[in-house]
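Subject: the model, and what turned up in it

Hi,

Here is the structure I promised to pass on.

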Amino acid sequence: MPETTPRGLTRLAFGGDYNPEQWPESVWQEDVRLMREAGVTMVSVGIFSWALLEPSPGTYDFGWLDRLLDLLHVHGIRVDLGTPTVVPPVWFYRAHPEALPVTAEGVRYEFGSRAAICHSNADYRAAAATITTRLAERYGDHPALAMWHVHNEYGVPVSACYCDSCAAHFRRWLATTYGTVDAVNAAWGTAFWGQRYAGFEDINPPRLTPAAVNPGQALDYKRFADATMRENFRMERDILHRLSPGVPVTTNFMTALSQCDSVDYWAWGREVDLVTNDHYLITDGRRTHVNLAMAADLTRSVAGGAPWLLLEHSTSGVNWQPRNPAKAPGQMARNSLTHVARGSEGALFFQWRQSRRGAEKFHSAMVPHGGTDTRVWREVVELGASVEALGEIRGTRTEADVAVLWDWQSWWAQNLDWRPSVDHEARERADAFYEALYDRHLTVDFAHPEADVSRYPLVVVPALYLMTEAAGRNLTAYVENGGTLVVSYFSGIVDEHDAVHEGAYPGPLRDVLGLTVEEFSPLLPGERVRVTGPDGTELSADVWTEFVVPRGADTVLTYADGLAAGLPAVTRHRLGEGTAWYVSTRLGADGLGTLLGRASEDAQLAPRADLPRDVEVVRRTGESGTYLFAVNHTGSDAKVPLGVPGTELLTGDRAAGRLAVPAGAVRVVRLDG
Ligand code: GAL
């Protein structure tokens with residue numbers, strides 16, 4: 001069995017992507033010296049090195065990588081070794097131009113950037129298998145090797161290819177999935193708009209069409225593209241397992257919903273030995289630390305709650321957004337240690353030394369252009385010491401209070417063409433509900449809609465347009481057995497083929513919610529409605545309204561304006577031992593706070609009113625103890641009630657009563673007993 005933690009690493013991981021091929025070997029000596037100064041324990045190497053390792057077909061140059069791995073080993077730095085299959089060399093593309101992917105519009109990408117790959121291409125697969133085999137044979141038992149890093153961020157930036165090889169592969173995938181073409185016709189509803197297929201050979205990828213393409217076809221193509229990338233991952237992983245037994249194999253995910261929308265990470269989480277993630281702050285004016293916490297929670301959930309590893313984030317600004325602000329003093333440490341609080345077994349960056357040339361030269365790094373007499377370097381060294389001081393938390397698990405249901409496949413379906421409103425976005429609702437829970441200081445686990453959620457007192461469904469009957473039964477049983485459920489609008493509408501569930505909306509949720517929805521009535525841009533209750537509650541909502549008919553549920557809040565005036569806006573249904581809430585409109589942050597406050601009362605989840613806003617408190621627990629992480633994202637000193645006394649690991653101080661967390665600082669207390 002492969003190990004599930006980096007081999008030979010006895011501390012938390014700290015380091016980054018190391019691309020030393022950009023520098024003369026004399027610089028490597030300085031690199032390892034500085035790595036030791038900063039407390040680096042692991043680096044990721046070789047992710048983009050195919051053209052150097054195999055300069056011409058079948059001719060290999062491993063000398064430089066031999067010297068590099070030996071050098072790192074001598075200095076006690078573990079290696080996360082990449083298979084460079086995300087960047088085939090130019091000679092490969094000259095021989096196999098059809099391995100370059102094609103867009104839905106029929107345009108073939110060119111060589112000259114990275115990650116231009118058709119994953120159905122047989123020549124690409126063969127070449128990827130060969131270079132992976134060569135690397136595994138050479139380095140499979142190298143003493144520096146801690147783990148294998150396959151490819152890079154599958155699905156980013158090319159999520160699908162639409163070429164003829166993919167068309168043929170898609171037909172095979174459909175034949176395996178459905179058996180007969182009639183089953184495909186039935187699932188996709190091709191009786192409509194005269195799209196009936198006589199044979200699999202008639203079916204193409206959903207390429208450019210004059211009006212909306214068949215949604216069943218489009219949804220299955222996303223599944224196919226995702227499954228095809230997974231086939232290639234498995235192919236490499238199995239070679240590595242065979243030739244490098246025991247060494248864990250991973251590929252770096254991008255779970256943040258704002259950064260990758262084409263990969264079903266529930267499925268991928270089951271394929272890797274160790275879940276790893278890359279996370280970058282998106283500076284779009286929102287609270288970046290909330291987005292970060294959400295990505296970390298999603299990563300941990302994809303790992304089934306087990307420890308995972310942050311393989312990339314940035315020391316300061318990135319270079320690929322329209323505007324790339326630097327991180328504020330202390331922000332890097334808060335970011336890194338929040339990932340650790342939420343389950344990461346360390347913190348690594350892109351990249352070690354800032355590039356002088358190439359597309360990413362304005363991306364920050366651990367060693368900036370300005371060298372070591374810089375704020376970034378000083379903060380890197382300080383962070384390295386903090387990460388080292390936290391070594392004993394390895395193997396502990398983050399405790400969560402609430403489950404939020406999320407499904408990438410539902411998101412794909414929701415984002416297809418021709419929906420009731422372009423303003424309703426599943427991700428926006430997931431973000432909004434997450435933020436409202438974050439502001440109540442509740443730690444979130446994400447769960448697949450069919451997963452067992454019985455251990456959570458509160459389960460939130462922000463946007464699950466696609467939901468199976470099995471998921472509906474799961475949630476009904478959850479409530480009957482005493483759970484509290486909160487469901488947001490436009491959930492439970494279609495089945496796995498994007499076919500509307502029979503009967504009234506919301507198909508599999510009707511019984512648990514005790515209502516039906518007769519019609520959707522989205523609002524126009526700028527239009528708002530008031531939502532009021534008998535106790536004087538008045539909330540404002542926008543984007544979406546519905547005509548809800550209670551069938552057992554009680555009306556809690558009612559639409560005061562708009563076409564739905566007088567109809568229920570928020571309902572509550574007692575079922576068995578539990579309660580199910582439904583919100584049929586888009587509430588703002590205050591409204592969601594009010595709703596979740598009431599649902600939390602049903603769930604008997606005590607509010608953490610003693611914690612200030614933006615002071616994040618998370619616990620990890622395990623054999624070595626219980627650890628309370630407090631991250632102060634504010635500009636004011638804060639106090640965090642401890643309950644039990646303990647020892648603060650970053651300062652070594654004893655802590656009791658109310659823990660002082662200075663403005664912008666992080667504190668980690670090992671609680672006594
Ligand atoms: C990641 C990628 C890295 C680097 C980084 C920059 O998506 O894996 O190689 O490009 O972005 O932020």
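Predicted model: local features only at pLDDT ≥ 70, side-chain atom pairs only at ≥ 80, totals over all residues.

Let me start with the domain interface: domain 1 and domain 2 bury about 2700 Å² between them, and carbon and sulfur atoms give 63% of that. Buried area here is the accessible area, with a 1.4 Å probe, that two parts lose on being put together, summed over both. On the domain 1 side, L257, W266 and M294 supply 23% of the area buried against domain 2, more than any other three residues. The contact (heavy atoms within 4.5 Å) takes 33 residues from domain 1 and 27 residues from domain 2. The C-alpha centres of these two domains are 36 Å apart.

As for the bounds, domain 1 covers 13–162 + 205–398, domain 2 covers 402–602 and domain 3 covers 615–671; they come from an automatic or database domain assignment.

Residues are numbered from 1 along each chain as its sequence is written, and side-chain values use heavy atoms, with hydrogens and water left out.

Now the helix packing. Helices (H or I, at least four residues) and strands (E, at least two) are DSSP runs numbered from the N terminus. Axes are lines fitted to C-alpha atoms, for helices over the stretch in contact, and angles run from 0 to 180 degrees between N-to-C directions. Angles under 35 degrees count as roughly parallel, over 145 as roughly antiparallel, 65 to 115 as roughly perpendicular, and the rest as oblique.

Helix α1 (residues 25–38) has two partners to look at. With α3 (residues 63–74), the axes come within 11 Å and cross at roughly 25°, which means α1 is roughly parallel to α3. That crossing is right-handed, i.e. the near helix is turned clockwise from the far one by less than a right angle. E25, W28, Q29, V32 and M35 of α1 meet W64, R67, L68, L71 and L72 of α3. By class, that contact has seven nonpolar, one polar and two charged residues. (Ala, Val, Leu, Ile, Met, Phe, Trp, Tyr, Cys and Pro count as nonpolar, Asp, Glu, Lys and Arg as charged, and the others, Gly among them, as polar.)

With α12 (residues 375–389), α1 packs at about 55°, the axes being 8 Å apart, so α1 is oblique to α12. Here L34, E37 and A38 of α1 touch W377, V380, V381 and G384 of α12, a set of five nonpolar, one polar and one charged.

Then there is α6 (residues 164–178) with α7 (residues 181–188): about 90°, axes 9 Å apart, so α6 is roughly perpendicular to α7. F170, L174 and Y178 of α6 contact A183, V184, A187 and W188 of α7, and the tally is seven nonpolar, no polar and no charged.

Finally, some backbone details:

- V156 and P157 are joined by a cis peptide bond, omega about 0°; P157 sits in the loop between β4 (145–150) and α6.
- F350 to Q351 is cis too, with omega near -10°, and Q351 lies in the loop between β9 (344–349) and α12.
- A115 is not a glycine, yet has a positive phi of about 60°; its place is the loop between α4 (90–95) and α5 (122–139).

Cheers
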